[in-house]
Amino acid sequence: MKEILKKLCIEKGVSGNETEMLNAVQELLDGIAEVETDNSGNIIAVMGDKNADKHIMLDAHIDRIGLVVTYINDEGFIKAEPVGGIDLRTLPSSAVRILGREEILGVVCTVPPHLSKGDEELSRDSIWVDTGLPAEKVRELVSLGDSIILYSEFKELLNNNIAVSALDNRSGCAVLIRCAELLKNEKLPCRVSFVFSSQEETSELGAGTSAFRLRPYEAVVVDVGFAKQSGVPDEKSGRIGCGGIISISPVLSKQVTNRIIEISKRLSMECDYEVCGGGTGTNADKISASGCGVRTGVISIPSKNMHTQTEIVSLEDMEKISELLSIYVKEGGAENA
Amino acid sequence: MLDYELLKKLCTADGISGNEDEVRNIIISEITPFADSVTVDNSGNVIVFKKGKKTPDKKLLISAHMDEVGFIVTYINPDGTLKFETVGGINDSAVFAKSLKIGKSKLRGVVSSKPVHLLKADEKKKCPSVGSLCVDIGAKDKEEAEKYVSPGDMMTFDSPYENKNGRVISKAIDDRFGCLVLIEMIKSELEYDMYFSFTVQEEIGLRGARTAAFSISPDCAIVVEATTASDVPFAENEKRVCLVGSGAVISFMDRATIYDKEYYKLAMDCAEKLGVKAQTKTMIAGGNDAGAIHSSRGGVRTLAVSVPCRYIHSSDSLAVAEDMEAVYAVVRATAKRILEI
């Protein structure tokens, strides 16, 4: 699991550029499933009985938040704007990777402590990135529209916790890949599509279009959920190491949710629950309302520091959720078609 | 060319004020074969004497500090996360979401806070204060964390070092660059005898330089530093202080020192004669070990030559090799000239 996650988290794939992830997904699923892309940039892997009536979709969005280059000034500074819900507090004086013709390291501009208290109001309109290179060189290497991501290394903390960027939602993608591995030699009673969906962070585009096109009978969405940490309310979060956070929401199917809960108990997972009055804030909101409607459930990996370069998840939670999903699929989903 | 591999070694070594051991050990092993005397004083400063071809009638000290800004663990929370304080001047904006190395074992941790999704609109526009943050090491609770961490442990930024296309991005360029310049001088043949000090605790009040200058008792001194460049798009004119790419920074005044006027002119003149770029600061900002050295004993004529450095006191500062080479050339030439007047 660690190796899968490592491979996915250091990769690019800011929203709108998900096909940059195609090779990584193909390599990880080599010999397990066939992988294809579609019009919206989704990456889809199919397993199981292609003629089965029952079709289950497992979804994890593969895009990551980032910045996009919008302007280069005559001193070579790069102006950038957010793609997705960037946490502006994470930017000042952080190292970034500018994904141009050649990748270059840069730093997000700030005013130094000798001249400011660092309490200027953060604004999405004043993000400048410094490469230290002359404008001519920057223009040679970087084009408007190129992606920028926060520099981050894969860090192992205590208790199999991992800290790195893009765990939202590469950890979900890793769970889907691990689930596919677990199902590799199984004879499945259904067809299963693993959808590594595009543009969740901007508009949940890929979840909607892929669900429409695939017309699954049921879907389970794997995303990250708020882990308990200082300042996060208990009712909105789950414990790291609890196994997973199961969502309960009016937009979700009770059959699917109950089956997830039932399997979690069988596996002795102490899952926490997140109850939502309306939508879940995940791809499930789009998938469940796609086409003629899709029975949908959500299980999330507890994650601290979401949308930073140092998000945290537990490998143990990810392994448990992979196992749960593999049983869900092996047993043909929530109900027989 | 300066030894940039050594700069990498120095910058990636960890040493906040009061915890300079790792840096000191690197320096001692680098210079010992080339120096006539190397001692570590009670404060932890490394004091070096190197003979030149001639013995001058004045005692010149060249100084750089070993410590970097960072953090210190103050308390372990019941949930196993760490409370901490800054050591040296670090803005709140440079802290949240950064990776850190903790203690001698270099345990990994990250600076954590409530995720952006759960913030009120006004909270999203302001970086959280250091006091409101904690460091997560993945421990389950206080008891587990205590096995790995103790209050008083140092924490430093865990960030990349890159030297590419003639520019360096790293933590601690302030002042491992200065240490590099001194090491290079000690390794080279000198015209005159000189003293060198690699000082401790600059970032918390110029403390090592005070004792080093007292015990060496120099007549004149050159401080080699990295200084604040603020030439970024949202700062203009004099607010830019000094400019990356415009050469060695020779200060006439900062918050801690009014520099010796003759030495200031001498250094500018040396740069011109060498054909290397030099500039001065356009704001009275910052301060360095010169503040302690120039006021030592009966007074020491003092000069500071610095590399302009953006995002100083953060995880990722930026400087260019061209400026670094200019500083080295100016320091060497000015040291000689000072001893000849």
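## Helix 5 of chain B

In helix 5 of chain B, the buried residues are B:Arg207, B:Gly208, B:Ala209, B:Thr211, B:Ala212, B:Ala213 and B:Ile216; a residue is buried if 20 or more other C-beta atoms lie within 10 Å of its own, exposed if 12 or fewer, and partly exposed in between, with C-beta atoms placed from the backbone. Because 7 of the 10 residues of this helix (residues 207–216) are buried, helix 5 of chain B is largely enclosed by the rest of the structure. Helices here are DSSP runs of H or I with at least four residues, strands are E runs of at least two, and both are numbered from the N terminus.

What lies over those buried residues? The cover includes strand 2 (46–50), strand 3 (60–65), strand 12 (194–199) and helix 7 (290–293) of chain B. Just after helix 5 of chain B comes B:Ser217, which takes a positive phi of about 55°.

## How to read the model

This is a predicted model, in which local features need pLDDT of at least 70, side-chain atom pairs count only at pLDDT 80 or more, and totals for chains, interfaces and linings use all residues. Residues are numbered from 1 along each chain as its sequence is written, while chains are lettered from A and ligands numbered from 1 in the order in which they are written.

## Two helix pairs in chain B

Two packed helices are described by the angle between their axes and the distance between the axes. Here the axes are lines fitted to C-alpha atoms, for helices over the stretch in contact, and angles run from 0 to 180 degrees between N-to-C directions. For helix 2 (residues 21–31) and helix 4 (residues 173–187) of chain B, the angle is about 20° and the axes are 10 Å apart. That makes helix 2 of chain B roughly parallel to helix 4 of chain B; angles under 35 degrees count as roughly parallel, over 145 as roughly antiparallel, 65 to 115 as roughly perpendicular and the rest as oblique. Helix 2 of chain B supplies B:Ile27, B:Glu30 and B:Ile31 to the contact, and helix 4 of chain B supplies B:Cys179, B:Ile183 and B:Ile186; two residues are in contact if their C-beta atoms, placed from the backbone, lie within 7 Å. By class, this contact has 5 nonpolar, no polar and 1 charged residues. In this scheme Ala, Val, Leu, Ile, Met, Phe, Trp, Tyr, Cys and Pro count as nonpolar, Asp, Glu, Lys and Arg as charged, and the others, Gly among them, as polar.

Now for the other pair. Helix 6 (residues 261–274) and helix 8 (residues 321–340) of chain B pack at about 125°, with 9 Å between their axes, and that makes helix 6 of chain B oblique to helix 8 of chain B. On the helix 6 side of chain B, the contact is made by B:Tyr263, B:Leu266, B:Ala267, B:Cys270, B:Ala271 and B:Leu274, and on the helix 8 side by B:Ala329, B:Val330, B:Ala333, B:Thr334, B:Arg337 and B:Ile338. These residues divide into 10 nonpolar, 1 polar and 1 charged.

## Two buried residues

B:Ala278 is found in strand 15 (residues 278–279) of chain B and counts as buried, with 22 C-beta neighbours inside 10 Å. Leaving aside neighbours within four places in sequence, the contacts of B:Ala278 include B:Met268 and B:Ala271, as well as B:Ala326 and B:Val330.

B:Gly15 sits in the loop between helix 1 (4–12) and helix 2 of chain B. Is B:Gly15 buried or exposed? With 24 C-beta neighbours inside 10 Å, B:Gly15 counts as buried. Beyond the neighbours within four places in sequence, B:Gly15 is in contact with residues including B:Glu20, B:Asp21, B:Met66 and B:Asp67.

## Domains and the chain contact

Chain B is divided into domain 1 (4–68 + 171–340) and domain 2 (70–157), with bounds that come from an automatic or database domain assignment. The C-alpha centres of these two domains of chain B lie 31 Å apart, and their contact takes 11 residues from domain 1 and 11 residues from domain 2. Chain A is divided into domain 1 (2–64 + 165–330) and domain 2 (66–150), whose C-alpha centres are separated by 31 Å.

Where the chains meet, chain B gives 57 residues and chain A gives 52 residues. On the chain B side, the largest share, 4 residues, comes from strand 7 of chain B. That side divides into 26 nonpolar, 18 polar and 13 charged residues.
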